[in-house]
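Hi,

Here is the structure I promised to pass on. Have a look at it first, then read my notes below.

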Amino acid sequence: MTTTPHPAGPPPHHPDRAQGSTQAHPYAYGYGYGYGYAPPPPYVAPPLPYHRLALITGRHRWWRPLAGTGLLLAGAVAVSLVVLLGGEILGAALDKPTGRDGFRVWGGVGETGQALLALALLLPVVLAAAHWAQRRPAGTLSSVTGRLRWGWLGRCALVGLPLVAGSFGVMLLLPETGGAGPEGSEWAGLGNFLLGLAMVCVLVPFQAAAEEYAFRGWLTQAVGAWCRSPWVAIVPQALLFAAAHGWGTPWGFADLVVFGLVAGVLTVRTGGLEAAIGLHVLNNLLAMGVSAAIAGALASDETAADMDWTAVAVDVVMLCAYAAVVLWMARRRGVRSMTR
């Protein structure tokens, strides 16, 4: 009786397994990975907090955060150029006038819409940086569950709405808030108001979310890939977030740093961007929605970096109150802050 040899040939010789030895090779089980070998077990990450999620696939290398940051910066420049070029082409087709700088003039609503659109389009760029540069699911930028928790986002928004609206109402009554009060304000007109409000409602949620994904998401996790301490990951993004809004008053810069720190702490402690996105969207919607009602306000160059100390005092109180309520609610509801 003859035997048919195995189609893959004889098993390979292992010098560490002597003739007649009873010790099996550690992978000598199964036939799915070559003759007599099983594939190595898949990588299983230990439980990770939000700022360490870049390590979730086990494919982290020291250079990947740098490569992803470079991709993000290049994408930001490319998106800005595309929006600018698109505005020029559309403006030429609509015969828009040309300003002193040689670019088409769109007015306050149009130019603010272009700026918001350029920021909103950063969102897919950030997600692509996580997927391509760090070889991990893009959803790990959203939360420790790998997705955006819409129910939790809605609860955070409900908590933040009265706090943000109340603080903004107080700011409008302050005598030194950079002209945000009723004195010297003119009604923009119903048509301009509705157009500006529609633009704000459509673009601001994406613009605010994109900023959160870039700063509280990408930058926090990029630093967290190198450092275990959450504070080492939270502080740099807060400083860069403030610097990205321009240099106004020292009080305004400090307020933006506090906003970045509060949003960063909430992101790490709740395991996701939902609380930060809810706060950011509400803040920008109310501020820009009111600006849409005032003639010329949307065309103003003033930002949160130009706030004075009285407005900053009100805003910091609101931020601390929001953080306290959200953290209490997260503990009570058992919101996950670690992967499983």
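**What I found**

The chain exposes about 18,400 Å², and carbon and sulfur atoms supply 68% of that; accessible areas come from the Shrake-Rupley method with a 1.4 Å probe, and for residues only the protein chains shown count as cover. Bear in mind that this is a predicted model: local features need pLDDT of at least 70, side-chain atom pairs count only at pLDDT 80 or more, and totals for chains, interfaces and linings use all residues. Residues are numbered from 1 along each chain as its sequence is written, and side-chain values use heavy atoms, with hydrogens and water left out.

On to the fold. The chain has nine helices and zero strands (DSSP runs numbered from the N terminus: H or I of at least four residues for helices, E of at least two for strands). Of the 340 residues, 42% are buried, where buried means under 20% relative accessible area, exposed over 50%, and partly exposed in between (1.4 Å probe, protein chains only). Among contacts (heavy atoms within 4.5 Å) with a separation of 6 or more, 76% are between residues 24 or more positions apart.

Now for the charged pairs. Side chains of opposite charge can pair when their charged atoms come close. There are two salt bridges in the structure, a salt bridge being a side-chain nitrogen of Lys or Arg within 4 Å of a carboxyl oxygen of Asp or Glu. One joins the side chains of arginine 149 and glutamate 274, at 2.8 Å from N to O. Arginine 149 lies in the loop between helix 3 (122-133) and helix 4 (150-173) and glutamate 274 in helix 8 (residues 274-292), so this pair ties together parts that are 125 residues apart in sequence. Both partners, arginine 149 and glutamate 274, are buried.

The other links arginine 216 to glutamate 212, with 2.7 Å between the closest N and O atoms. These two sit four residues apart in helix 5 (residues 190-224), so about one helical turn separates them. Arginine 216 and glutamate 212 are both buried too.

Is glutamine 134 buried or exposed? Glutamine 134 is buried, because its relative accessible area is 2%. Leaving out neighbours within four places in sequence, its contacts include Ala54, Arg64 and Trp218. Alanine 54 is 80 residues away in sequence, yet the C-alpha atoms of glutamine 134 and alanine 54 are 6.9 Å apart.

Cheers
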